[in-house]
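Morning, everyone. I have one model to walk through today. Let me put it on the screen.

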Amino acid sequence: QLQLAESGGGSVQPGGSLRLSCVATGLTLDYHAVGWFRQAPGKELEGVSWISNRGDSTNYADSVKGRFTVSRDNAKNTVYLQMNNLKPEDTAIYYCAADIAPPSRSTWPDTKSFSSWGQGTQVTVSS
């Protein structure tokens, strides 16, 4: 059974950077695209970024384009989310999840085609 676990969250000042990791255990992540999502207090879950299983295709929410970069190292069964120039509105719990649909049928930024969610990691951006 594929299990995902996020890490790398923390508290930073506006303009700071963090790199989140999403490590897979149980099964290889090679065949799955991976999505990053976040949920801020009182708000719905939001799709942040998506990366194809080979890493040759990525998608980003408009709110993070130019600031966040998603990447993956399949040899390490790990997906990363590099977050630069963080803003207070980026404060949220960040989750990764495996996409069980083929790329052409992914529902990202909707969550329907995603499974094996991690437990989340808190990111707080505040001065």
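Is Cys96 buried or exposed? Cys96 has 0% relative accessibility, so it counts as buried. Buried here means under 20% relative accessible area, exposed means over 50%, and partly exposed is in between, with a 1.4 Å probe and protein chains only.

Ground rules before I go on. This is a predicted model: local features need pLDDT of at least 70, side-chain atom pairs count only at pLDDT 80 or more, and totals for chains, interfaces and linings use all residues. Residues are numbered from 1 along each chain as its sequence is written, and side-chain values use heavy atoms, with hydrogens and water left out.

Back to the cysteine. Cys96 is joined to Cys22 by a disulfide, S to S 2.1 Å; the cut-off is two cysteine sulfur atoms within 2.5 Å. Strands are DSSP runs of at least two residues, labelled E and numbered from the N terminus. Cys22 is also at 0% relative accessibility, and therefore buried. The S-S torsion is about 80°, so this disulfide is right-handed. A search of the whole structure finds 1 disulfide.

Next, the sheet. Four strands form an open, antiparallel sheet in the order E1-E3-E8-E7. Pairing requires at least two DSSP bridges between two strands. Strand E1 (3–7) and E7 are at the edges with a single partner strand each, so one side of each has no neighbour in the sheet. The twist averages 15° from one strand to the next, with axes as lines fitted to C-alpha atoms and angles running from 0 to 180 degrees between N-to-C directions.

Let's stay with E8, residues 78–83. Of its 6 residues, 5 are buried. E8 pairs with E3 (residues 18–25) over 6 bridges, antiparallel. Within that pairing, Ser21 is bridged to Tyr80, and Val23 to Thr78. E8 also pairs with E7 (residues 68–73), again antiparallel over 6 bridges. There, Arg72 stands opposite Val79. E7 and E8 form a hairpin with 4 residues between them. Asn77, in the turn, has a positive phi of about 55°.

The largest nonpolar core has 28 residues. Such a core is a set of buried Ala, Val, Leu, Ile, Met, Phe, Trp, Tyr and Cys residues joined through side-chain atoms within 4.5 Å. Leu4, Trp36, Phe68, Val79, Leu81, Met83 and Tyr94 have the most contacts inside it. At least two core residues come from each of E3, E4 (33–39), E5 (46–51), E7, E8, E9 (92–99) and E11 (121–125). Apart from this core lies another, of 6 residues, including Ala33, Trp50, Ala97 and Trp108.

Take Met83. Beyond its neighbours within four places in sequence, Met83 is in contact with residues including Leu18, Leu20, Phe68, Tyr94 and Val123. Contact means heavy atoms within 4.5 Å.

Last stop, Asp90. Where is Asp90? Asp90 lies in the loop between E8 and E9. At 0% relative accessibility, Asp90 counts as buried. What does its side chain meet there? The Asp90 side chain makes a polar contact with the Arg67 side chain at 2.7 Å. A polar contact is a pair of N or O atoms within 3.5 Å; within protein, one must be able to donate a hydrogen and the other to accept it, and residues adjacent in sequence count only if both atoms are side-chain atoms. A polar atom of the Asp90 side chain also lies 2.8 Å from the backbone nitrogen of Lys87. Not counting residues up to four places away in sequence, Asp90 touches Arg38, Arg67, Phe68, Asn85, Val123 and Val125.

That's the tour. Over to you.
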